[in-house]
Amino acid sequence: MDAGRPKAGADSIVERLRLWVLGVLVLGLIGTVTELILLEHYEQPLQFVPLVLIALGVVVLAWHAMRPGTASLRTLQIVMGLFVLAGFAGMAAHFNGSAEYQLELDPEMSTWDLLEKILHAKAPPLLAPGMMMQMGLLGLAYAYTDARYRGRE
């Protein structure tokens with residue numbers, strides 16, 4: 001047995017954990033797209049970004065499940081990276097939208113008061129796009145724990 005290679009039992013544990021990560025990711029995708037649709041998160045073009053990414057994520061995950069190859073794995077990594085970027089962009093968009101709304105209500109508001117109002121705002125919720133980041137990181141964890149990566153040491 002190669003000293004640098006994990007034992008067969010460790011491989012089966014990693015594969016079981018990968019399936020759990022994949023399951024949590026799929027539940028997150030289903031839950032998030034359902035919530036976005038119920039909230040009518042498609043009134044402006046920028047609001048389509050998470051919907052399109054989730055649809056793309058589902059397609060790529062299905063592709064990778066049916067044909068687990070290098071191309072589907074790389075595509076999954078790229079899409080999950082886009083999820084993380086979309087999460088950051090979404091937080092910025094929510095911050096700006098909330099700031100504009102608060103400044104319309106009170107243009108003379110101090111910077112500190114504005115920041116406090118934004119952080120406590122329920123619409124748009126500042127940290128909601130963080131779900132995109134979490135799903136992207138879960139997808140990357142799933143991709144990077146593929147046996148092809150574990151074999152390289």
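1. Leu-29 touches Ile-54, Val-58, Leu-61, Phe-83 and Met-135, leaving out residues up to four places away in sequence, where contact means heavy atoms within 4.5 Å. This is a predicted model, in which local features need pLDDT of at least 70 and side-chain atom pairs count only at pLDDT 80 or more, while totals for chains, interfaces and linings use all residues. Residues are numbered from 1 along each chain as its sequence is written, and side-chain values use heavy atoms, with hydrogens and water left out.

2. Leu-29 is also among the residues that touch the most other members of the largest nonpolar core, together with Ile-54, Leu-76, Met-80, Phe-83 and Met-135, in a set of 21 residues. A nonpolar core is here a set of buried Ala, Val, Leu, Ile, Met, Phe, Trp, Tyr and Cys residues joined through side-chain atoms within 4.5 Å; buried means under 20% relative accessible area, exposed over 50% and partly exposed in between, with a 1.4 Å probe and protein chains only. H1, H2, H3 and H5 each give two or more residues to this core, and H3 gives the most, with seven residues. The helices are DSSP runs (H or I, at least four residues), numbered from the N terminus. A second, separate core of five residues includes Ala-99, Met-109, Leu-114 and Leu-126.

3. Thr-32 has its place in helix H1 and is buried, with a relative accessible area of 9%. Apart from residues up to four places away in sequence, Thr-32 touches Ile-54, Met-131 and Met-135.

4. Gly-136, in helix H5, counts as buried at 0% relative accessibility. Its contacts, leaving aside neighbours within four places in sequence, are Met-80, Phe-83 and Val-84, and its C-alpha atom is separated by 7.8 Å from that of Val-79, 57 residues apart along the chain. Other buried residues of H5 include Met-132, Met-133, Leu-140 and Tyr-142.

5. The largest pocket is lined by 28 residues, of which His-41, Gln-47, Gly-90, His-94 and Pro-124 lie nearest its centre. A pocket is an open set of points on a 1 Å grid over the protein atoms alone, where a 1.4 Å probe fits, with protein on both sides within 12 Å along at least five of seven lines, and lining residues have an atom within 4 Å of a point. H3 gives the most to this lining, with nine residues.
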